[in-house]
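Subject: Structure for you to look at

Hello,

Here is the structure I said I would pass on. Please open it first, then read my notes below.

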Amino acid sequence: MTSKRNNYHQTAPHVFKAIYALEQTQAGFALEGSLRELVKVRASQLNGCALCLDMHSADALKQGESARRLLALGAWQDAPCFSERERAALLWTDSLTRLTEGHVTDALHQQVAAQFDPQELAELTLCIATINLWNRFGVGFAMQSA
């Protein structure tokens with residue numbers, strides 16, 4: 001990762017460690033890893049984080065995700081290749097990533113919660129919040145893949 005801006009890994013390693021700790025908790029989640037990677041790619045698309053798009057697209061492919069589905073992710077609402085559960089996760093991702101466009105309604109919450117048990121929904125929400133946090137550091141500090 002290179003950047004012409006502040007390298008927060010070096011100047012504030014405690015900040016990096018705190019974010020990384022949030023990421024590490026997700027390894028023990030009941031929520032499937034392939035879904036977590038789709039969510040990370042989608043949020044990174046919305047936030048324009050090149051570093052995270054590169055990293056999580058590669059991770060998704062390693063977990064068996066298809067290039068076709070990754071390419072369709074930008075139009076997931078119309079793409080027939082996503083399950084109802086995946087659509088709910090992507091809707092939740094879009095809604096929580098784009099909070100300035102409107103708050104989450106009860107109807108939207110109910111639609112998403114129909115696909116996830118309460119623990120999974122909490123895990124999904126942390127996954128979305130964490131990738132949004134990474135995206136803000138990636139974009140803010142112009143981080144790029146090596």
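Five helices each give at least two residues to the lining of the largest pocket: helix 1 (8-11), helix 2 (13-25), helix 3 (33-47), helix 4 (50-62) and helix 8 (118-140). Helices here are DSSP runs of H or I with at least four residues, numbered from the N terminus. Helix 4 supplies the largest share of that lining, five residues.

The model is predicted, so local features need pLDDT of at least 70 and side-chain atom pairs count only at pLDDT 80 or more, while totals for chains, interfaces and linings use all residues. Residues are numbered from 1 along each chain as its sequence is written, and side-chain values use heavy atoms, with hydrogens and water left out.

The pocket

The largest pocket has a volume of about 340 Å³. A pocket is an open set of points on a 1 Å grid over the protein atoms alone, where a 1.4 Å probe fits, with protein on both sides within 12 Å along at least five of seven lines; lining residues have an atom within 4 Å of a point. The volume is the space filled by probe spheres set on the points, which are joined across faces, edges and corners. Of the 20 lining residues, Tyr20, Glu23, Met55, His56 and Trp134 are the closest to the centre of the pocket. The lining divides into 10 nonpolar, five polar and five charged residues. Nonpolar means Ala, Val, Leu, Ile, Met, Phe, Trp, Tyr, Cys and Pro; charged means Asp, Glu, Lys and Arg; the others, Gly among them, are polar.

Helix 2 and helix 8

These two pack at an angle of about 150 degrees, with their axes 10 Å apart. Axes are lines fitted to C-alpha atoms over the stretch in contact, and angles run from 0 to 180 degrees between N-to-C directions. Helix 2 is therefore roughly antiparallel to helix 8, a term for angles over 145 degrees. The contact residues are nine nonpolar, two polar and one charged.

Helix 3 and helix 8

What angle do the axes of helix 3 and helix 8 make? They cross at roughly 40 degrees and come within 9 Å.

Helix 3 and helix 6

Helix 3 also packs against helix 6 (residues 84-97), at about 35 degrees and with axes 10 Å apart.

Regards

Definitions and conventions
Parallel < 35°, antiparallel > 145°, perpendicular 65-115°, else oblique.
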